[in-house]
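Please examine the sequence and the structure shown below.

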Amino acid sequence: MHRRTSLVLLNGLSLSRLPLAGVFVSTEDPLARAGLVAGAALTDFLDGWIARHQHLESNWGALIDPLADRGFVMVALAAFVAEGKLTPAEFGTLVVRDVATGVGFVVARFLPSFRPVKFQARMLGKVVTTLQLGALMSVLVAPRLVRPLVAAVGVTALAAVVDYTLTVWRKRARPGEGEARPLTRATA
């Protein structure tokens, strides 16, 4: 299979989370919703695994994947808030990392020294996403776990925001350099 076709299929797998979000809102059956959360988590795992193991990373994929993740999570969380299954404060805690990294990305595009920085997924961000999906699942199948998972997301999200910020700060271009420095063990 050609690389271009593979990338299109991979991005389609990522984008499949958006229709899953639409179906999530249209049903109230907890079992169906749990299946949709599991499906979203599976597509997230698969597209990342395939991209890494087949060396199919791309700039578009690096943008589409997190946007599709955030789209699914935000829609599902908003549905739970509208249904009274999550409070607005819990919603805010669950999305604080997403909002902070989104704002950071936009700001970095406007600051010349940060423009060359390549934004990449970080381990703490992946942990936050996993915990978010766990919180979604707990609303459906184990409501008593919602508060502890929201607290875990909050703490991990703050750590992830600090991690992203420090990483981007270290990779920025210094005056006169013109390009961002690659992140190496010496700069990390």
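Which residues on the other side of α1 are exposed? They are Val8 and Leu9, where exposed denotes over 50% relative accessible area, buried under 20% and partly exposed in between (1.4 Å probe, protein chains only).

**Basis of the model**

The model is predicted: local features need pLDDT of at least 70, side-chain atom pairs count only at pLDDT 80 or more, and totals for chains, interfaces and linings use all residues. Residues are numbered from 1 along each chain as its sequence is written, and side-chain values use heavy atoms, with hydrogens and water left out.

**Helix α1**

Helices are DSSP runs of H or I with at least four residues, numbered from the N terminus. Within α1, the buried residues are Ser6, Leu7, Leu10, Asn11 and Ser14. They lie on the same side of α1 because they cover an arc of only 130 degrees around the axis, the arc being that of the directions from the helix axis to the C-beta atoms. The buried residues of α1 pack against α2 (17–26), α3 (30–53) and α4 (59–82).

Ser16, in the loop between α1 and α2, is partly exposed, with a relative accessible area of 24%.

**Nonpolar core**

A nonpolar core is a set of buried Ala, Val, Leu, Ile, Met, Phe, Trp, Tyr and Cys residues joined through side-chain atoms within 4.5 Å. The largest has 30 residues, of which Phe24, Phe72 and Leu136 touch the most other members. Beyond its neighbours within four places in sequence, Phe24 is in contact (heavy atoms within 4.5 Å) with residues including Arg33, Phe72, Phe80 and Leu140.

Terms used. Helices (H or I, at least four residues) and strands (E, at least two) are DSSP runs, numbered from the N terminus.
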